[in-house]
Amino acid sequence: MSGQGPLLSVAGIEVMYARLALVLRGLTLAVPKGGIVALLGANGAGKTTTMKAIANLLRAERGEVTKGAIHYDGARIDHLEASDLARRGLSLVMEGRHAFPTLSVEDNLKVGAFSRRDGAVAESLDLVYRTFPRLKERRRQQAGLLSGGEQQMCVIGRALMARPRMILLDEPSMGLAPLLVEEIFATLRRLNAEEGVTFLLAEQNAAVALRYATYAYLVESGRVVREGPAAALAADPDIRASYLGLDASAAADGAALAARRRLRWLS
Ligand SMILES: Nc1ncnc2c1ncn2[C@@H]1O[C@H](COP(=O)(O)OP(=O)(O)OP(=O)(O)O)[C@@H](O)[C@H]1O
Ligand SMILES: [Mg+2]
């Protein structure tokens with residue numbers, strides 16, 4: 001059934017909110033099995049809308065996919081509920097870390113296993129605690145009292161409890177200190193390598209995402225404007241200047257050098 005195609009494909013989707021605001025304008029992307037694909041773009045580019053379109057969460061916001069198709073594992077998933085998606089191995093971690101604040105860490109994690117029928121919940125809990133030892137230490141604590149980074153670990157852990165083949169992760173780095181961002185991304189890479197989990201990550205932090213992703217798409221105003229292997233995009237001068245904030249000083253150095261040359265030539 002899965003065939004040779006990508007695990008997830010989004011083909012030319014348009015998304016409209018409240019029947020008037022066209023936010024995605026023919027967005028296309030593909031995520032191969034075993035990939036870590038990054039969806040990069042500035043505020044309002046349409047990253048979260050893309051994630052919600054895939055997870056069929058637009059309706060609650062009066063949004064709808066008005067064109068295009070979304071396939072996961074060889075089948076259209078446009079009308080599946082989150083629980084159906086979870087059963088098929090697709091989990092979503094939304095923007096902004098929504099742990100249940102009054103539940104303990106462990107109960108938050110157990111919520112993530114709601115769609116499971118195989119009873120092997122203890123095994124998954126063990127994987128989560130091996131992945132995030134800090135969650136194990138704090139397993140009886142209320143999730144609302146965790147630090148921002150620990151809450152991010154908690155919601156990623158909750159997604160892992162469904163034993164997903166693929167996780168959609170919206171802005172994992174948001175609001176976290178740089179060291180924690182590295183820790184979270186390194187963990188995602190380990191889950192990818194050791195557990196075979198495929199990732200689609202939406203990120204504003206292009207510098208970090210391009211270091212961990214295999215492939216990336218750059219989104220502007222609801223369209224993909226660039227795509228390529230992450231390493232190639234990270235080396236691209238335009239992207240370095242506009243998205244990574246690099247090379248601006250190199251460009252300034254170049255201009256100063258040119259000015260000095262001109263001066264020498266004039267004198
Ligand atoms: N419920 C909604 N109703 C109307 N417009 C919306 C709604 N949600 C988002 N938008 C608009 O859709 C566009 C894309 O928003 P989206 O949240 O997908 O961007 P984003 O790339 O995730 O940005 P950020 O990096 O800030 O999270 C924005 O212009 C936003 O104002
Ligand atoms: Mg967003």
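**Strands and their surroundings**

Author: Ser9 has Ala30, in strand 2, as its bridge partner. Strands here are DSSP runs of E with at least two residues, and helices are runs of H or I with at least four, both numbered from the N terminus. The model is predicted, so local features need pLDDT of at least 70 and side-chain atom pairs pLDDT 80 or more, while totals for chains, interfaces and linings use all residues. Residues are numbered from 1 along each chain as its sequence is written, chains are lettered from A and ligands numbered from 1 in written order, and side-chain values use heavy atoms, without hydrogens or water.

Strand 1 (residues 8-17) runs antiparallel to strand 2 (residues 21-31), and 8 bridges join them; two strands pair if DSSP finds at least two bridges between them. These strands form a hairpin with 3 residues between them, and Ala18 in the turn has a positive phi of about 50 degrees.

An open sheet is built from 6 strands in the order 6-7-8-3-9-10, with mixed pairing. Strand 6 (90-93) and strand 10 (223-229) each have a single partner strand, so one side of each lacks a neighbour in the sheet. Neighbouring strands in this sheet are turned against each other by 15 degrees on average, direction ignored. Axes are lines fitted to C-alpha atoms, for helices over the stretch in contact, and angles run from 0 to 180 degrees between N-to-C directions. Within the sheet, strand 3 (residues 36-40) pairs in the parallel sense with strand 9 (residues 215-220) over 4 bridges. Ala38 has Ala216 as its bridge partner in strand 9.

Helix 6 (residues 148-160) packs on the sheet and touches strand 6 and strand 7 (166-170), its direction making about 165 degrees with that of strand 6; contact means heavy atoms within 4.5 Å. Helix 7 (residues 178-195) also packs on the sheet, touching strand 3, strand 7 and strand 8 (198-203). The direction of helix 7 makes about 155 degrees with that of strand 8.

Helix 1 (residues 47-54) is largely enclosed by the rest of the structure, because 8 of its 8 residues are buried. Buried means under 20% relative accessible area, exposed over 50%, and partly exposed in between (1.4 Å probe, protein chains only). Among the buried residues of helix 1 are Lys47, Met51 and Ile54. Just after helix 1, Asn56 takes a positive phi of about 60 degrees.

Phe100 lies in the loop between strand 6 and helix 3 (105-111). Phe100 is partly exposed, with a relative accessible area of 38%.
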